[in-house]
Amino acid sequence: MELTVLGKYGPYGKAGTGAASGYLVKNQEDYLVMDMGSGTLSRLMATVDIKKINHIFISHLHFDHTSDLLPFRYLLEEINHTVNIYTHKENTEWYKILFEHPNFNVINIDENSNVKIGSMTIEFLQMRHTVTDYAVIIKGDKTLCYTGDTLYNENIQRCFEKSDWVLADCSKPKGFRGPHMTVSDAVNLSKKYPAKIIATHLSADFDPAEEIKAFPNITVAEELKTYIL
């Protein structure tokens with residue numbers, strides 16, 4: 001299994017270099033995109049033939065996780081390609097704007113959903129954020145959990161118990177007050193569980209590398225890097 005980081009920042013990218021949240025998972029010959037924040041589409045196009053992309057998971061509907069879905073629709077129209085979108089149903093205008101398009105086949109998910117994507121199976125856990133947010137657990141040659149955006153909650157434990165790797169929203173500085181986990185959460189989780197942590201959703205003005213350097217099970221996500229899991 002491989003994980004490529006297309007973008008790692010939130011709620012907006014870093015000046016000149018950084019994109020918002022977006023990731024690409026490959027297991028054998030199957031692909032799953034996770035979130036498509038601003039700046040991620042061009043990187044996805046440079047990484048893989050878009051016609052090989054048939055499945056996209058959207059953790060929640062904040063702009064920094066969804067905005068590149070809109071120009072993506074132009075590309076899909078141009079190449080006459082349709083993709084499956086896995087996301088939670090919301091009765092909002094943004095949901096309608098994003099997903100009511102003939103090249104999107106929307107599959108609404110909740111914690112009871114279990115989906116087979118070629119060599120991968122995916123299941124979902126609800127997280128704790130300012131809007132409804134789901135983590136995805138991907139079982140392939142390895143097991144990867146992506147948390148989306150979240151505060152610490154009891155389902156985080158289930159993510160870590162089930163996974164070899166966790167791509168986690170846990171990069172905010174100690175003392176941060178907001179709907180995201182902090183570096184302190186990452187350290188505590190690394191002490192409790194054997195899963196390797198890739199810390200993501202960085203603020204543009206804060207790098208947690210110094211705070212986690214003493215903990216070998218935690219690494220800070222690097223944009224455009226492919227991790228062999």
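Reader: Is H101 buried or exposed?

Author: At 12% relative accessibility, H101 counts as buried, because buried means under 20% relative accessible area, with a 1.4 Å probe and protein chains only. This is a predicted model, where local features need pLDDT of at least 70, side-chain atom pairs count only at pLDDT 80 or more, and totals for chains, interfaces and linings use all residues. Residues are numbered from 1 along each chain as its sequence is written, and side-chain values use heavy atoms, with hydrogens and water left out.

Reader: Where does H101 lie?

Author: In the loop between α4 (93–99) and β6 (104–108). Helices (H or I, at least four residues) and strands (E, at least two) are DSSP runs, numbered from the N terminus.

Reader: Which residues does H101 touch?

Author: R73 and E77, leaving aside residues up to four places away in sequence; contact means heavy atoms within 4.5 Å.

Reader: What joins the side chains of H101 and E77?

Author: A polar contact of 2.6 Å, that is, a pair of N or O atoms within 3.5 Å; within protein, one must be able to donate a hydrogen and the other to accept it, and residues adjacent in sequence count only if both atoms are side-chain atoms.

Reader: Now the sheet. What order do the strands have?

Author: β6-β5-β4-β3-β2-β1-β14, an open sheet of 7 strands with mixed pairing. The edge strands, β6 and β14 (226–228), each pair on one side only; pairing takes at least two DSSP bridges between two strands.

Reader: How many bridges join β5 to β6?

Author: 5, and the two strands run parallel. N84 stands opposite N105 in β6.

Conventions
Buried < 20%, exposed > 50% of the residue type's maximum accessible area, 1.4 Å probe, protein only.
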